[in-house]
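Please look at the sequence and the model together before reading on.

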Amino acid sequence: MSEGHGAARESSLGEWPRSTLPLSLLNAAQNKPMLVELKNGETFNGHLVNCDNFMNITLREVYQTNAEGDRFWKVKECYIRGSTIKYLRVPDTLLDAVKEEQNRAREAGRSARGAHVSGAGNRGRGMPQRGRGAVRGGPMRGGRGRGRGM
Amino acid sequence: MATLQGYVDHRVLLILQDGRAIVGVMAGYDQKSNVVLSDSKERVYSVEDGVEEIPLGLYLVKGDQIVLIGELDEALDQSIDLSTIRAEPLPPIRY
């Protein structure tokens, strides 16, 4: 069972970039136009200046409309607390941009890890690494059991 | 463990707390059930005119607004002529 679980996790990791995290999308939306609707129905149209992990955002050159949609205001810049937001509408093209960026990041990570793995072959000889290397000769803090197990 | 992973890349129906029904392809989600919907459309139900579909594009819906997420059977869904459906719109939830 644990084996099956591991395999499932590996395959889902392999396909991971298929899914786009909402906050990745939001981060990629910087300087892009967007529409934000608040829980009270007010909407804000503007360009995203900045955002954080709470979905707090700042917009510039904003058109604000009331919930009924019959009155609107022009606002130079505004800050919206993330918890008051109902949804954001962002440009369609953003999703492909984020996915491409994720693929690039994954390829970069893969080649970096690849270099690491080939380096690990030398481990026994020249390059004492964390854990095992430190145990040899030096004072050890209960490290041996683990060292042998690996 | 409840998860939305099985819905990723599938067409889903989202019901929001304000009563809106949105269909779209789930492109992603996070720990707080914030959801990314691509190619999304709002379905506006009415007794007089049948269902109107309003294209919305790429949407990021906050998790705390979501009441329900359900997978759509695309074949079944496309076999339905929405203009023949008459129904009251959902009211917003009451606290």
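## The model

This is a predicted model, in which local features need pLDDT of at least 70 and side-chain atom pairs count only at pLDDT 80 or more, while totals for chains, interfaces and linings use all residues. Residues are numbered from 1 along each chain as its sequence is written, and chains are lettered from A and ligands numbered from 1 in the order in which they are written.

## Where the chains meet

Counting two residues as in contact if their C-beta atoms, placed from the backbone, lie within 7 Å, 19 residues of chain A are in contact with 18 residues of chain B. On the chain A side, α2 (22-28), β5 (85-90) and α3 (93-120) each supply at least two residues, and the largest share, six residues, comes from β5(A); helices (H or I, at least four residues) and strands (E, at least two) are DSSP runs, numbered from the N terminus.

Strand β5(A) runs antiparallel to β4 (residues 52-61) of chain B and is joined to that strand by four bridges, and Val90(A) has Leu58(B) as its bridge partner in β4(B).

## The nonpolar core

A nonpolar core is a set of buried Ala, Val, Leu, Ile, Met, Phe, Trp, Tyr and Cys residues joined through C-beta atoms within 7 Å, where buried means that 20 or more other C-beta atoms lie within 10 Å of a residue's own. The largest such core has 35 residues, and Val90(A) and Leu37(B) are among those with the most contacts inside it. Its largest share, five residues, comes from strand β2 (residues 21-29) of chain B.

Terms used: Pairing = 2+ DSSP bridges. Buried ≥ 20, exposed ≤ 12 C-beta atoms within 10 Å, placed from the backbone.
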